[in-house]
Amino acid sequence: MASLTHRRLAVIGAGPIGLSAALMAQARGFDVTVFEKGLVGDALRRWGGSTRLFSPVSMNLPKIARSILGAAGPPDDALLTGPEMATRVLEPIASAPQLAGRVHTGHRIVAVGRAGLTRIDLPGHPLRAERPFRLLVAAPGGELVIEADAVFDASGVHDNPNWAGPGGLPALGETAVASRLIRRLGELEDHRERLSGRLLLVGHGHSAADALLILGAVAAERPGMRVTWAVCCANLRPCAEVADDPLPERQRVASRANDLAADPPAFLTVTRRATLAAIAADGPRFQVTLSVPGAREAAPEIFDQVVAMTGYRPDHSTLTELPIEISPVTEGAAGLSRALANVTDCLTIPNVTPADLGSGEPGFYLVGAKSYGRSATFLLRTGLAHLEVILNGMDQ
């Protein structure tokens, strides 16, 4: 896109990518404002205290951010927990002189559009790009309208969990009990003292693997506790592993969870090719029906708690008046989805162009995890590289 005249940039989200984008853009002369609906690093704070990032600090920050932290920051090779990343890294960056007065917490984006235009007005026409973006913001003192020449949406996906039923749909009865299911690792740790009896874990990604390790540690303290792990694949080792994985923490988590699945200890039962067919409240507990293809219809079982680690998806409800191109597969940025077709690991990412990272609406970009949508191959290092490509393109 052409070089911006006023260069007012609004960044949505004060996580690692949002704050990195703000620093990198501010260094290039942009007038940056960051809006965060919660606290700085809000999503990371909900990881809990035992789940660590797979990548070290050196891979998770741009050079300008690492220079701000200096010797007071964590070492480059540190594998931080989510809350540690928020408090030891992101909070100092957000309060640094470079971003003084630019990071507004407790500010939720209600809607983003072009001034005076709906999504069907002048799509693709150069005149559309001459109108500023207008952001309706719910602030502590009431609603505000903010104008910007460019917008980076780094709001992530963590607020919008996937359903746990067959084919990604809600299981029968799931919508009625959704608020009672544990869907984040921090929630699982918050419930740790109350975990007992029979528990159901659904999902076979890395979050589910982390959850299984947490449940295993609790079960070691409470011999009567039993966990059923329902995975939709038939693999003996259900969690994906990478040969000679250069990310040791990812390898540790996946390998340990798969070891438990391949040779279950007394606390664990693994039900493969299983989906959550139905769930209903049974007082404080849950009545659950699991479905396995080709098997006789299973009788409902009673579980004291259900942990659904089935991933997350982006929420585009604030962007309905922008004609952006969303991938029909990942629900992330369409151009990026096409560029990353058939990529199966976060460390094997091809080079991308500014056009690959565009949204179809000049000046508006999905960045970070939200640009990947439901794809599980996002890595912070790659998100930082994408920011460089976008900002270079905006300067041309």
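**Figure 1. Aromatic pairs in the predicted model.** In this predicted model, the count of aromatic pairs comes to 3. Rings of Phe, Tyr and Trp (its six-membered ring) are paired if their centres lie within 6.5 Å; planes under 30 degrees apart count as stacked, over 60 as edge-to-face and the rest as tilted. The rings of Phe133 and Phe364 have centres 6.4 Å apart and planes at 50 degrees, so this pair is tilted. Phe133 belongs to strand 5 (residues 133-139) and Phe364 to strand 15 (residues 364-366), and the pair links distant parts of the chain, 231 residues apart. Helices (H or I, at least four residues) and strands (E, at least two) are DSSP runs, numbered from the N terminus. Both Phe133 and Phe364 are buried. Buried means under 20% relative accessible area, exposed over 50%, and partly exposed in between (1.4 Å probe, protein chains only). For Tyr372 and Phe378, the ring centres are 5.2 Å apart and the planes stand at 65 degrees, so the pair is edge-to-face. Tyr372 counts as buried, at 2% relative accessibility, whereas Phe378 counts as partly exposed, at 21%.

Residues are numbered from 1 along each chain as its sequence is written, and side-chain values use heavy atoms, with hydrogens and water left out. Because the model is predicted, local features need pLDDT of at least 70 and side-chain atom pairs count only at pLDDT 80 or more, while totals for chains, interfaces and linings use all residues.

**Figure 2. The buried residues of helix 5.** Helix 5 spans residues 82-94, and its buried residues are Gly82, Met85, Ala86, Val89, Leu90, Ile93 and Ala94. Contact here means heavy atoms within 4.5 Å.

**Figure 3. His104 in strand 3.** His104 lies in strand 3 and counts as partly exposed, at 27% relative accessibility. Leaving out residues up to four places away in sequence, His104 touches Thr33, Val34, Phe35 and Glu36. Between the C-alpha atoms of His104 and Leu39 the distance is 9.1 Å, and the two residues are 65 residues apart in sequence.

**Figure 4. Val270 and its contacts.** Val270 is located in strand 10 (residues 268-271). With 16% relative accessibility, Val270 counts as buried. Its contacts, not counting residues up to four places away in sequence, are Trp229, Val231, Ala261 and Pro264. The C-alpha atoms of Val270 and Ala230 are separated by 6.1 Å, although the two residues are 40 residues apart along the chain.

**Figure 5. Two loop residues with positive phi.** Most residues other than glycine have a negative phi. Leu122 has a positive phi, near 55 degrees. This residue is found in the loop between strand 4 (108-114) and helix 6 (126-129), and Leu122 is partly exposed, with a relative accessible area of 35%. Arg273 likewise has a positive phi, near 55 degrees. The loop that holds Arg273 runs between strand 10 and strand 11 (275-282); at 38% relative accessibility, Arg273 counts as partly exposed.

**Figure 6. Leu387 in helix 14.** Leu387 lies in helix 14 (residues 380-395) and is buried, with a relative accessible area of 0%. Apart from neighbours within four places in sequence, Leu387 is in contact with Ile17, Ser20, Ala21, Met24, Phe152 and Val367. Pro314 is 73 residues away from Leu387 along the chain, and their C-alpha atoms are separated by 19 Å.

**Figure 7. The whole chain as the setting for the close-up views.** The protein chain contains 14 helices and 15 strands. Of its 396 residues, 49% count as buried. Along the principal axes, the C-alpha atoms fill a box of roughly 65 × 50 × 45 Å. Among contacts with a separation of 6 or more, residues 24 or more positions apart account for 69%.
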